[in-house]
Amino acid sequence: MPLKFFNTLGRKKEIFTPIDSKEVRMYTCGPTVYNYAHIGNLRAYVFADVLCRTLEYCGYKVKQIMNITDMGHLSSDADSGEDKMTKGLLREGKELTLKNMRKLADFYTEKFKEDLVKLNIRMPSGLYYASDLVKEDADLVKRLEEKGYTYKTRDGIYFDVSKMPDYGALWGGKRTWSEEGARVEINSEKRHPEDFALWKFNPKIGFPSPWGQGFPGWHIECSAMGMKYLGEQFDVHTGGVDHISTHHTNEIAQSECATGKKPFVRFWLHSEFVDIGGAKMAKSDENFFKLNSIIEKGINPVAYRYWLLMANYRTKVNFTWKALEGAEAALKRLYRLYLDQGEAVAGNVNMKYKNKFKKYLEDDLDTPRALTVMWNVLKDEKVSNADKKATVLDFDKVLGLGFENLKEEEIPDEIKKLALEREEARGKKDFKKSDQLRKKINSLGYEIKDIGGGYKINKI
Ligand code: AMP
Ligand code: ZN
């Protein structure tokens, strides 16, 4: 089956082939590092990770670039509101300097990277600070200026959307994806409400430029970075659905107008939101959880990854602790099934299951169905233990649930002793006592399974 993705540009599933037959070039909009990422944000990166892994599973090499937004992102995705990094510095009582901004960025970038590791998200091929590419941003603005796409207002240099006939093709003229992204602030000096800033002046803090001190617009950083590392045209661009109507629409406009090449990107893929209590999880609304909140509750963070994979990336999901606990229980059962295959090694990947698994992923990353295939192979008595293990490890190259490092845990002596006592009680047909001991073992977090004349202790 050919590999197909739902392309937001055109809003339909399309067969995927990269520009360069050997390597897929892909850009992922990264986090704004003025605060911790919340688990909603992290969905965008779990999705991009599964996408990269799927492309590799299908035989492609992938070059994935991600930006770290450490400047210029205002609280609205359009050009109004407070600068998020400034907000972060004020919140932490730090003086407003570029040096402090970088320190803030360093701190939250480290935290972000730690989250990626905990979720088995592989590092992109390149992860760069936006503020390290200010020159590239300014060069791109200059190219647009020379071609007559820009004008100046008191607060910045703007892109005139009326100069681009098919402006807004990504959202098809209907702002239906995101209320927040659609809000375009009225600025009386703008020629059209959708005109957007390429450079914003800031007398207090910023970088020098031919137009005055300030910051590049948020959108330009992704165009400039994408072009620098992936070329003026590339294969895939990912982000959350809130990027469609403003950020990505504007990236397309400024990139295609600067280079004169269409399309800037062939496939635009967007992951849906994680809601909480029926509303979007958002840093600004303070209705969010960090990954560490999950860990503090004693839940394996990979269970969050598993929970996300239970839905297609284009389906909105509503986070509840109960749902996450359900996912953790399922993941533990899956781990247990795998470990119960014993020490068998050197098996072969079962091709019947692999073909199914791949077919589902090729259909716009149908991870819920792909997970079912993993369950089914583990439960199939006709498949040998060694082959089951080999097949699961093969599937896990995409799903990233951590089977590779899964080991039977050492059972504490205290539990082993209780199990032995229980065995003795059973031998004496003292079932009351053996039952009590079983319950005690359970209460300590272990279970006993009776197998073929013996027994096995597992951690629950
Ligand atoms: P930010 O750090 O605000 O720039 O956002 C980082 C990523 O998180 C972007 O790709 C957003 O589209 C995405 N995002 C923000 N809120 C949510 C949410 N509630 N659920 C899923 N993704 C989100
Ligand atoms: Zn971006």
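R314 lies over the face of F6, 3.9 Å from the ring centre. Here a charge counts as over a ring if NZ of Lys or CZ of Arg is within 6 Å of the ring centre and within 35 degrees of the ring normal. K290 is placed over the face of Y36, at 4.2 Å from the ring centre.

A word on the model. It is predicted, so local features need pLDDT of at least 70 and side-chain atom pairs pLDDT 80 or more, while totals for chains, interfaces and linings use all residues. Residues are numbered from 1 along each chain, chains are lettered from A and ligands numbered from 1 in written order, and side-chain values use heavy atoms, without hydrogens or water.

Y36 also belongs to a ring pair. Its partner is F107; the arrangement is edge-to-face, with 6.3 Å centre to centre and 75° between the planes. Rings of Phe, Tyr and Trp (its six-membered ring) pair if their centres lie within 6.5 Å; planes under 30 degrees apart are stacked, over 60 edge-to-face, and the rest tilted. Y36 sits in the loop between β3 (23-28) and α1 (39-57) and F107 in helix α3 (residues 98-118), so the pair ties together parts 71 residues apart in sequence. Helices (H or I, at least four residues) and strands (E, at least two) are DSSP runs, numbered from the N terminus. Y36 is partly exposed at 28% relative accessibility, and F107 is partly exposed at 38%. Buried means under 20% relative accessible area, exposed over 50%, and partly exposed in between (1.4 Å probe, protein chains only).

Y149 and F159 are stacked, at 5.7 Å centre to centre and 5° between the planes. Y149 is in the loop between α4 (134-146) and β6 (150-153), and F159 is in strand β7 (residues 156-159). Both are buried: Y149 has a relative accessible area of 16%, F159 of 0%. Elsewhere, ring pairs link F289, Y304, W307, F319 and W321 into a cluster. The count of aromatic pairs comes to 28.

Next, the metal. Which residues coordinate the zinc ion (ligand 2)? They are C29 (SG), C222 (SG) and H247 (NE2), at 2.1 to 2.2 Å. Donors are N, O and S atoms within 2.8 Å of the metal (3.2 Å for Na, K and Ca); water is not among the atoms, so sites may look incomplete. Along the chain the donors follow the spacing C-x192-C-x24-H. C29 is in the loop between β3 and α1 and C222 is in helix α6 (residues 218-230), 193 residues apart. C29 is buried at 5% relative accessible area, and C222 is buried at 0%.

Helix α6 also packs against α4, at an angle of about 100° and with the axes 9 Å apart. Axes are lines fitted to C-alpha atoms, for helices over the stretch in contact, and angles run from 0 to 180 degrees between N-to-C directions. The two helices, α4 and α6, are therefore roughly perpendicular. Angles under 35 degrees count as roughly parallel, over 145 as roughly antiparallel, 65 to 115 as roughly perpendicular and the rest as oblique. Among the residues that meet are L140 and L144 in α4, and A224 and M227 in α6; contact means heavy atoms within 4.5 Å.

Finally, the backbone. A cis peptide bond joins K262 and P263, with omega about -10°. D364 has a positive phi of about 55° although it is not a glycine. D364 is buried, at 2% relative accessible area.
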